[in-house]
Amino acid sequence: MSIMAPAADKKLTGLVAATFTPITSQGEINLSVIGPYIDYLKEKQGVNNVFVNGTTGESMSLSVEERKLLAEEWCRKAKGKMDQVIVHVGCLSLKDTQELAHHAAQIEADGIAVIAPSFFKPSSADVLRTFLQEVASAAPTLPFYYYHVPSVTGVNVNVRELIEGIEKVIPSFRGVKFTGSDLMDLGQCISYIPPHWSVLYGIDEQLLGALVMGVHGAVGSTYNYVGCHVNKLISAFETGDLVQARTIQFKIQELVSFAIKLGFDVGVNKQLMNELSGLDLGPPRLPVMTCPAARALAIKQKYDSIFPE
């Protein structure tokens with residue numbers, strides 16, 4: 001199956017934008033921006049799937065109630081427009097995670113994803129699998145994805161070991177958002193999974209390498225504003241034009257490398273999205289700091305030089 005195939009069979013494929021959370025200057029969530037945000041992603045970037053309340057969405061800085069309101073609005077406004085809305089429900093607390101999973105089922109999300117707890121960390125793949133099983137039991141009908149991001153959680157379990165036999169305890173399991181650089185573990189996951197599961201890569205600047213390994217799609221923050229270019233990268237890869245695919249990947253690496261040298265956290269990324277999209281997503285929430293105006297402008301100018309109109 002082409003990774004650009006539509007999600008008619010509900011298999012999650014293609015690009016998935018990890019969405020930012022709109023916040024007012026007073027620090028409250030701003031639901032009014034979500035409708036225009038969806039239109040922008042679809043019309044300007046050609047992105048038809050979203051991953052809500054994840055790392056990019058500052059989920060760990062939001063209350064459970066705020067996350068429910070955001071998920072509900074995304075699902076309501078995306079209905080009939082987006083292919084899939086995947087809601088990240090992971091929290092430090094199992095009970096909070098289960099509550100959000102149950103809520104996602106109530107609002108008819110297309111799937112849920114769960115990050116590993118990162119304060120009291122699971123000590124092994126078996127322990128993490130048990131945690132995920134308890135979460136999935138709160139929403140047994142929803143497609144369930146494990147969100148692997150060891151650089152953030154500090155939980156660097158072997159994902160291939162985690163998912164082996166996982167369908168026996170989580171029948172709704174449908175795949176992994178793999179945000180790690182271990183291509184051996186990634187490849188072993190892809191070679192193991194059944195056809196109806198998805199492995200989605202989460203390091204935007206390394207996507208081409210993951211495509212060669214056989215991933216079915218990608219989830220990332222930069223797809224909010226470079227999605228149209230990455231769609232071209234994927235199309236070039238699928239038609240065998242590796243020169244074009246590499247050219248686009250190298251451009252994205254140039255942009256990300258430039259941003260990292262200046263300091264590229266969620267606050268900077270969010271302000272860059274404001275500048276490039278024209279949307280008003282507001283500032284980040286503390287402890288993430290608001291991006292200095294000059295930094296966002298410098299990255300935008302770099303973007304404009306790499307991707308001229």
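This is a predicted model: local features need pLDDT of at least 70, side-chain atom pairs count only at pLDDT 80 or more; totals for chains, interfaces and linings use all residues.

User: At what angle do α9 and α10 pack?

Analyst: Helix α9 (residues 223–238) and α10 pack at about 150 degrees, and their axes are 7 Å apart. Helices here are DSSP runs of H or I with at least four residues, strands are runs of E with at least two, and both are numbered from the N terminus. Axes are lines fitted to C-alpha atoms, for helices over the stretch in contact, and the angles run from 0 to 180 degrees between N-to-C directions.

User: What does that angle make them to each other?

Analyst: α9 and α10 are therefore roughly antiparallel to each other; angles over 145 degrees count as roughly antiparallel, those under 35 as roughly parallel, 65 to 115 as roughly perpendicular and the rest as oblique. The crossing of α9 and α10 is left-handed, a word used if the near helix is turned anticlockwise from the far one by less than a right angle, with right-handed used if clockwise.

User: Which residues meet there?

Analyst: On the α9 side they include Val226, Leu233 and Phe237, and on the α10 side they include Leu242, Ile248 and Leu255, where contact means heavy atoms within 4.5 Å. The residues of this contact divide into ten nonpolar, three polar and one charged. In this scheme Ala, Val, Leu, Ile, Met, Phe, Trp, Tyr, Cys and Pro count as nonpolar, Asp, Glu, Lys and Arg as charged, and the others, Gly among them, as polar.

User: And how do α1 and α9 pack?

Analyst: Helix α1 (residues 34–45) packs with α9 at an angle of about 20 degrees, with the axes 9 Å apart. α1 and α9 are therefore roughly parallel to each other, and α1 passes α9 in a right-handed crossing. Among the contact residues are Tyr37, Tyr40 and Leu41 of α1 and Tyr223, Val226 and Cys228 of α9.

User: How do α11 and α12 cross?

Analyst: The axes of helix α11 (residues 266–277) and helix α12 (residues 293–306) come within 9 Å and cross at roughly 60 degrees. That makes α11 oblique to α12. α11 passes α12 in a right-handed crossing.

User: New topic: what lines the largest pocket?

Analyst: The largest pocket holds about 580 Å³ of space and is lined by 25 residues, of which Thr55, Thr56, Thr179, Gly202 and Ser221 lie nearest its centre. On a 1 Å grid over the protein atoms alone, a pocket is an open set of points with protein on both sides within 12 Å along at least five of seven lines, a cavity is a set where a 1.4 Å probe fits but cannot get out, and lining residues have an atom within 4 Å of a point. Grid points are joined across faces, edges and corners, and a volume is the space filled by probe spheres set on the points. By class, the pocket lining has eleven nonpolar, ten polar and four charged residues.

User: How many cavities turn up?

Analyst: The search of the whole structure finds one cavity of 30 Å³ or more. The largest cavity has a volume of about 40 Å³, and its lining is Leu12, Phe51, Ile86, Tyr145, Lys177, Leu200 and Val219.

User: Last one: which residues does the cis peptide bond join?

Analyst: The cis bond joins Leu286 and Pro287, with omega about 15 degrees, and Pro287 lies in the loop between α11 and α12. As a further backbone detail, Asn53 has a positive phi of about 65 degrees although it is not a glycine.

Note on methods: Residues are numbered from 1 along each chain as its sequence is written. Side-chain values use heavy atoms; hydrogens and water are left out.
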